[in-house]
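I opened the notebook to record what I looked up in this structure. The entries follow in the order in which I made them.

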Amino acid sequence: MRLYDTLARKKREFSPLRGRQVRMYTCGPSVYAYSHIGNFRTYLFEDVLVRYLRYKGHKVKRVMNITDVEDKAVRAARKEGRTPAQSQAPKIRDFFSTWDDLGMLRPTIVAKASAHVPQMISLIRKMCTRGYCIPDNDGLYFNVRKFRGYGALRRLRSPRYFGKAREDDYSKEGLWDFRLWKKWAPSDGGVKWASPFGAGRPGWHIECSAISMHYLGSPFDIHTGGSDNIFPHHDNEIAQSIAATGKMPANFWLHARHLTVRKKKMSKRTGNVLYAHELMEQGIKPMCLRYYLISERYRSRLDFTMGKMKSALREMGRIRQILKALEEHSRKKGNGKMHPSLAKLLASGFEAAMDDDLHTRLAFRRTFRLLRRAERLLRGGKLSPADARGIIRAIRRIDSVLGVLGQRQINEACIS
Ligand SMILES: [Zn+2]
């Protein structure tokens, strides 16, 4: 199985660092706002990855953080006149309710940043001991100029130094001493922890270094996220972890491409966001939304328009009709002669596509083509019930990864 590693800029053969267990870390949601379907494209890619690793016989330990302490979270809560926990509770509930609707497996461990501040403090102390901290009157910063090879993931070309990034969120593509710890200010309200660097709260990037290392050790196997996490977030994670331990945190870095809407990035900032519940209110079934969001390979462009989604779902509807017919035929008596290749072809075509960096588009295309062939044989009276049983078995196994062709779903229309 080959996966595209953003750091190496190429596909590399994947095998776990320790036995059959894959240790995987996912950058989870920022819960100052509701998550949109663009966010869920990334989580769905990760779900398909986890399921395919299991399909291949690996055990997967997956850790995902919840960002609940950053600048935006504090600001959003203040605007609502509530505590961050009060403001975030409905967003976290909504997040996992959509997560479950989309048929995703829950991570092994879900870790809120606010519950792991001691681990972050201890990691920052290690960095300071090794000389990577710059104290300032508003907190503690990471000295990026001391760190050799900063920005390797983003491949910064001749970067300039801009000084200190005093916000968690910054996009300038250059060198910034980023915040490790922010000293408490009245605008933080009740959000503060005691620390050797004064009362305050951690910067955004430190949580993923601390949480991943705490639960998975280092290096672990796979770090995933959306492509907007590459810089600065993941480059900062790499800098922090290496500064504290001397070790690269992960063996593979995988990033999902943004979902676009009419060619523009879907983001809370630009305001062109779509939420899963809005589509479901329009009669789109969650499993069909799942299909649409994984119908293109995770690294490729997927542009959302209602028209494109509906035409994809109509195709899925036809495939489900075929499966239903095969299912019915498979329940008939009679062994007959097994058609030599269809079930085997289904599995091998699927696996070859998925082994090539989770090429889901190709996996679906090959699977659908073979199902259409099976239907032609069925209509021509050339498919025995035993053949149909073999095909259904192969589809069940394939669907343990894709999660859209299950028994319950084939009786369901994609659009009501
Ligand atoms: Zn992260």
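Is E327 buried or exposed? I found E327 buried, at a relative accessible area of 9%. Buried stands for under 20% relative accessible area, exposed for over 50%, and partly exposed for what is in between, with a 1.4 Å probe and protein chains only.

Before going on, I noted that the model is predicted, that local features need pLDDT of at least 70, that side-chain atom pairs count only at pLDDT 80 or more, and that totals for chains, interfaces and linings use all residues. Residues are numbered from 1 along each chain as its sequence is written, and side-chain values use heavy atoms, with hydrogens and water left out.

**Entry: around E327**

I placed E327 in helix 9 (residues 306-330). Helices (H or I, at least four residues) and strands (E, at least two) are DSSP runs numbered from the N terminus. Residues up to four places away in sequence aside, E327 touches I392, R396, Q407 and I410; contact means heavy atoms within 4.5 Å. With R396 the side chain of E327 makes a polar contact of 2.9 Å. A polar contact is a pair of N or O atoms within 3.5 Å; within protein, one must be able to donate a hydrogen and the other to accept it, and residues adjacent in sequence count only if both atoms are side-chain atoms.

**Entry: domains and cores**

I looked up the domains next. The assignment gives domain 1 (2-261) and domain 2 (305-403), and such bounds come from an automatic or database domain assignment. Taken over C-alpha atoms, the centres of domain 1 and domain 2 are 39 Å apart. In contact across the two are 11 residues of domain 1 and 14 residues of domain 2.

Which residues have the most contacts inside the largest nonpolar core? They are I37, L49 and I222, in a core of 84 residues. Helix 1 (residues 37-55) gives the most to this core, 11 residues. Domain 1 and domain 2 both contribute residues, so the core lies between them. A nonpolar core is a set of buried Ala, Val, Leu, Ile, Met, Phe, Trp, Tyr and Cys residues joined through side-chain atoms within 4.5 Å. Beyond its neighbours within four places in sequence, I37 has contacts that include L259, M266, Y275 and F304. I also noted a second, separate core of 33 residues, with A113, V144, F197 and I206 among them.

C27 counts as buried at 7% relative accessibility, and H233 counts as buried at 1%.

Helix 6 also holds P232, and the peptide bond from F231 to P232 is cis, with omega near 0°. I found another cis peptide bond from S218 to P219, with omega near -5°. P219 is in the loop between helix 5 (206-216) and strand 11 (220-226).

I traced an open sheet of 3 strands in the order 14-13-15, with mixed pairing. Two strands pair if DSSP finds at least two bridges between them. Strand 14 (264-265) and strand 15 (302-304) are at the edges with a single partner strand each, so one side of each has no neighbour in the sheet. Strand 13 (residues 259-261) pairs with strand 15 in the parallel sense over 3 bridges, and L302 is the bridge partner of L259.

R262 is in the loop between strand 13 and strand 14. R262 has a positive phi near 45° and is not a glycine; at 62% relative accessibility, R262 counts as exposed.

**Entry: helix 2**

Which residues of helix 2 (residues 71-80) are buried? I wrote down D71, A73, V74, A76 and A77. Their cover includes helix 3 (84-101), strand 9 (175-183) and strand 10 (200-202). After helix 2 comes G81, with a positive phi near 65°.
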